[in-house]
Amino acid sequence: MVKKLIPLLFILILSVLSASYTYADESPEAKLRGPEILRVDDTLTVVYSVNNIECSGFQGTVSYNKDLMLLSDAKAFDNSWNVEVMPNGMFLAYSKTPTDSESFFKGGDLFCLTFTIKSAAKTDDALTLDITSVIAATVTPNGDSEVPIGDTSYVKRIDPPASSDANITELSIMGISFSPAFSPDVTEYTIPIGVDYTVNSLKFNIVLSHQKASYEIIGNELSVGNNTVTIKVKAEDGSEKEYTVKVKRAHDPSKPLSNDTRLSSLSISAGTLSPAFSPDIRQYAVYLPHGTELLDVSALPLNEFASDIAPMTYTLKEGNNTIRVTCIAEDSSKGEYIINVYVMPEYLGFIPEINNKIPLSSTVLIDGVLNVGQTIKASLADTDESAYTVFWYRQGEKVSEGALYTLTDSDLNTVIHAEIIGIGNYSGYFVSEKMYVNSDGIAIDLDDYVSTPVKTINMGYTVMWVTISAALFLAIGFLAGNVKKKQSDNNQP
C-alpha cells in the first residue's frame, strides 16, 4: 500500500522539474460513458474522460453497486500511464515519468473500468458507478498545482434478453406484384409474369418486426433468365431468417429466341428410367410391379426461357402405357420425351412371357424420294411393322406419327428424320440419319441410314445370334430348293 501511494505523494508534494501548469479557457469537465445495451452475463466497461486539463496525475474515489458489480480490471488508455483502484475505493492515475512534461495528460479518455455483472443481477436492475473527489495535480520546481474535477456518475439498467425476432412485417416491390400474398410466416415468393429486360433490379419496401433487427438484400443484380433474390434478416440476438423472391428477367429483344426443347431433369415416383436420364435421350422404358395404378412424373426444362412443366399424375393399366412429356421452347418449338411404362401381369406361378418383335439391333430403312409431294416410308429391317411405332421430326420437332409420311412445302429445305420405338416391351430405340429435303428428287440410299440404339447390348451374343439365324435360314432355303427340284424332276413325263 505504501508503494502505491508514493507516486501520488511524489506528484503532490515534491517539486523537482521546471514545468508549468496552464489553465484552459474552460473549466475541467469529467464524463463517464458506457454501452447502450447491457444484459445479464455481459461485462460492463465504463470510460472515464476529462477535458480542458493538463496534468501529470489524478486522485479520486470510485464507488459502485457491489451487490451487482465486481471490478475486474482498470486500464489507462495511454501506455505511459498507470491507473490503480484501492480496496477502499481510492484511485490513482499517474504518469510513469511524472517529471517529463511530454508525458502529461492533455485531455480526452483517461482510463476505463471493467466490471463483471454478478449472477444476482436481473433485468431492469440499475448498475451505478460514481467517480468523486477528483483532484488533478501537476508537480513543478516552483510548486504544486492542484485542480479539482467535478463529480460524475453512470447509471445503466440491465436490458431484457436480445430479441430473436427476424420477421418482416411489410414487404412490397415497387410496380411489381408477386405471389402468394405477403405474410411474415411465408418465406418464398414468385413474380409470375417476370420482369422486362429493361429491369435490372427490384426496388423493395421492407419493414422489420423488431427495431433492432437488420437486413441485407442479396442477388438483386438481375441477370437475363431466372434469378433468386434473397432478403436476409438478422435478429438482435444474431439469429437469421431468409425471404426469397424468384423472378425471371426477359430475354434481350435484340437476340434470337431459343429453340431448345431439352429437359434438365425427368423424374418418376416409382421404378427406374432406362436408360438413365440424359437431356439428349428422348425415349425411356420403365417396368413396374403388377397392381401399380398411379405414376407421378415431373420435369424441368434445360433452358430457363422454356415454359415450366407442371407435374402430372398418370393412371396406369396392366401392360404398356405411353407417357409423353412436352417441353415448349422460348420460340414455341415443341420437343417430346416418351416414357414407355410397362406394368407387369399378375404372377401365376410362372414367369410371364413378354412378346416383342423388336430386335436389340436393326437397320432403319427409308423408302421413297425426298421431294415435296412424295410419300416416304420408314421401317426396320426384318421386323414385323406391328411391333413398333414411327415418329417423324422436322427440324427436331415432331410433325407426324406412322410409318408413312408425305412431304409438304413446309419440309422444303429442312432436315427431317425418323425415330422408331417398340410397343409393349421396350427393347429398341432407333434413329434414322438426318435427311435434307430439296426439289431435286434424289433417291434414298439405304446404306446411309444405320440405327443408333440407346441400349447397351452384348455384341458378341448378337453377332452369334445373327450368324446362327443366317445359317439356319440358308440351310432351310437350300433344303427347300432341293425339295422343289426333286418334285419338279418327279413330275417330268
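A contact here means heavy atoms within 4.5 Å. Among the contacts in the chain with a separation of 6 or more, 63% are between residues 24 or more positions apart.

1. Basis of the note. This is a predicted model, in which local features need pLDDT of at least 70 and side-chain atom pairs count only at pLDDT 80 or more, while totals for chains, interfaces and linings use all residues. Residues are numbered from 1 along each chain as its sequence is written, and side-chain values use heavy atoms, with hydrogens and water left out.

2. Overall content. The chain has 30 strands and two helices; these are DSSP runs numbered from the N terminus, with helices being H or I of at least four residues and strands E of at least two. Of the 493 residues in the chain, 38% are buried. Buried means under 20% relative accessible area, exposed over 50%, and partly exposed in between, with a 1.4 Å probe and protein chains only.

3. Aromatic pairs. The whole structure holds 14 aromatic pairs. Rings of Phe, Tyr and Trp (its six-membered ring) pair if their centres lie within 6.5 Å; planes under 30 degrees apart count as stacked, over 60 as edge-to-face and the rest as tilted. One of the pairs is Phe91 with Phe111, which is tilted, at 5.3 Å centre to centre and 55° between the planes. This pair links distant parts of the chain, with Phe91 in strand β6 (residues 90–95) and Phe111 in strand β7 (residues 108–117), 20 residues apart. Phe91 is buried at a relative accessible area of 0%, and Phe111 is buried at 1%.

4. Phe178 and Tyr189 form an edge-to-face pair, 5.3 Å centre to centre with 75° between the planes. Phe178 lies in the loop between β11 (168–173) and β12 (188–190), and Tyr189 lies in strand β12, eleven residues apart. Phe178 and Tyr189 are both buried. Together with Phe182 and Tyr243, Phe178 and Tyr189 form one aromatic cluster.

5. Charges over rings. Lys66 lies over the face of Tyr64, 5.7 Å from the ring centre. The charged end of Arg249 sits over the ring of Tyr197, at 4.7 Å from its centre. The criterion is that NZ of Lys or CZ of Arg is within 6 Å of the ring centre and within 35 degrees of the ring normal.

6. A four-stranded sheet. Four strands form an open sheet with mixed pairing, in the order β12-β16-β15-β14; two strands pair if DSSP finds at least two bridges between them. β12 and β14 (214–218) stand at the edges with a single partner strand each, so one side of each has no neighbour in the sheet. Strand β15 (residues 225–234) pairs with strand β16 (residues 240–249) in the antiparallel sense over ten bridges. Thr228 has Lys246 in β16 as its bridge partner.

7. Lys398. This residue is found in strand β26 (residues 397–401). Lys398 counts as partly exposed because its relative accessibility is 28%. Not counting residues up to four places away in sequence, Lys398 touches Arg324, Lys334, Glu336, Phe391, Trp392 and Tyr393. The side chain of Lys398 makes a polar contact with the side chain of Glu336 at 2.9 Å. A polar contact is a pair of N or O atoms within 3.5 Å; within protein, one must be able to donate a hydrogen and the other to accept it, and residues adjacent in sequence count only if both atoms are side-chain atoms.
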